[in-house]
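The sequence and structure come first.

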Amino acid sequence: MAATGWLYSCTYTHDVNFSLQQLRQAVFDRREFTLPGDLIARTDDATLAKAAPRTNDLQKLLKISQELDQALSGLGLDTVDSEQQTRDVRRLLEQVDKKGFVFAAREALESSSTPPATIDELLAQCAAAGTHSILDIQHISPTPQSGAATSLSDEQLQTLFGTTQPTRAMIQSAEQSGKLHELCERWHAVYLTVYEEGEPVEYVFVGVSGD
């Protein structure tokens, strides 16, 4: 799946990081994110079949997982999680052999459909796939970096809007033209303040994330 461009707004406060965290929690509570299983659920059988890995590749994955369990155990480390992953791979391979990849993929989706209880659990569950939402952005940074939101500079605001105090209408126009998302690399976000009659009223966060 391609990355997703998104835009969120929230009430202005004097602490932008506080506003970001409040917004992230609200997005999580509203279930406005994408789980890996959601992609399978929205994909038709023919497309899933085309994406099916070769059985030999799954067998190699199982062997690697088993060898990793043995290595961790030999070092005296906790292998509970890795052994569960090995069992999951073995179960998937068994179902692929019996009923094909499409059935196995959908069964795996059904068995792992328990929603995460926290944002941290969600991020761990999504791993490199991301959530395709602002939940992939975890903090504010003065400089661009992965997983962070950076404020647009006055120069950028002037270039985009002709003012350092853009209104909702100005921001909406810039979003529709694609100019805001052009400022964001994948896994990065920018934010700006919305003004109404010269007073700050909202923050807007714009980003691109997911894989």
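The side chains of Glu202 and Arg168 meet in a salt bridge, with 3.2 Å from N to O; a salt bridge here is a side-chain nitrogen of Lys or Arg within 4 Å of a carboxyl oxygen of Asp or Glu. The pair links distant parts of the chain, since Glu202 is in strand β5 and Arg168 in helix α9, 34 residues apart. Helices (H or I, at least four residues) and strands (E, at least two) are DSSP runs, numbered from the N terminus. Arg168 also forms a salt bridge with Glu196, at 2.7 Å from N to O. Arg168 lies in helix α9 and Glu196 in strand β4, so this pair ties together parts that are 28 residues apart in sequence. Through shared partners, salt bridges join Arg168, Glu196 and Glu202 into one network.

The model is predicted: local features need pLDDT of at least 70, and side-chain atom pairs count only at pLDDT 80 or more, while totals for chains, interfaces and linings use all residues. Residues are numbered from 1 along each chain as its sequence is written, and side-chain values use heavy atoms, with hydrogens and water left out.

A search of the whole structure finds 4 salt bridges, including the three in the table.

| Pair | Closest N to O distance |
|---|---|
| Arg30 and Glu32 | 2.7 Å |

Glu202 counts as buried because its relative accessibility is 18%. Arg168, at 40% relative accessibility, counts as partly exposed, and Glu196 is partly exposed with 41%. In the Arg30 pair, Arg30 is partly exposed at 46% and Glu32 is partly exposed at 34%.

Asp136 is charged and buried, but has no salt bridge. The nearest side chain of opposite charge is Arg24, 7.3 Å away; Lys and Arg count as positive and Asp and Glu as negative, while His and the chain ends are not counted. Asp136 sits in the loop between α7 (119–126) and β2 (139–140). Leaving aside neighbours within four places in sequence, Asp136 is in contact (heavy atoms within 4.5 Å) with Leu123, Gly130, Thr131, Gly147, Trp187, Ser209 and Gly210.

The chain has 9 helices and 5 strands. From the N terminus on, its elements run β-α-α-α-α-α-α-α-β-β-α-α-β-β. An open sheet of 5 strands has the order β1-β5-β4-β3-β2, with mixed pairing. β1 (4–11) and β2 stand at the edges with a single partner strand each, so one side of each is left without a neighbour in the sheet. Two strands pair if DSSP finds at least two bridges between them. Strand β3 (residues 148–151) pairs with strand β4 (residues 188–196) in the parallel sense over 4 bridges, and the bridge partner of Ala148 in β4 is His188. Helix α9 (residues 168–177) packs on the sheet, touching β1, β4 and β5 (199–209), and its direction makes about 150 degrees with that of β4. Axes are lines fitted to C-alpha atoms, for helices over the stretch in contact, and angles run from 0 to 180 degrees between N-to-C directions.

The largest nonpolar core has 22 residues, and those with the most contacts inside it are Trp6, Leu23, Leu122, Ile134, Leu135 and Phe205. A nonpolar core is a set of buried Ala, Val, Leu, Ile, Met, Phe, Trp, Tyr and Cys residues joined through side-chain atoms within 4.5 Å. β1, α1, α7, β4 and β5 are the elements that give two or more residues to this core, and α1 gives the most, with 5 residues. Apart from this core lies another, of 13 residues, among them Leu152, Leu192, Val204 and Val208.

Leu23 lies in helix α1 (residues 16–29) and counts as buried at 6% relative accessibility. Not counting residues up to four places away in sequence, Leu23 touches Tyr8, Ser9, Cys10, Ile134 and Phe205. The C-alpha atoms of Leu23 and Tyr8, 15 residues apart along the chain, are separated by 8.3 Å.

Buried residues make up 35% of the 211 residues in the chain.

Key
Buried < 20%, exposed > 50% of the residue type's maximum accessible area, 1.4 Å probe, protein only.
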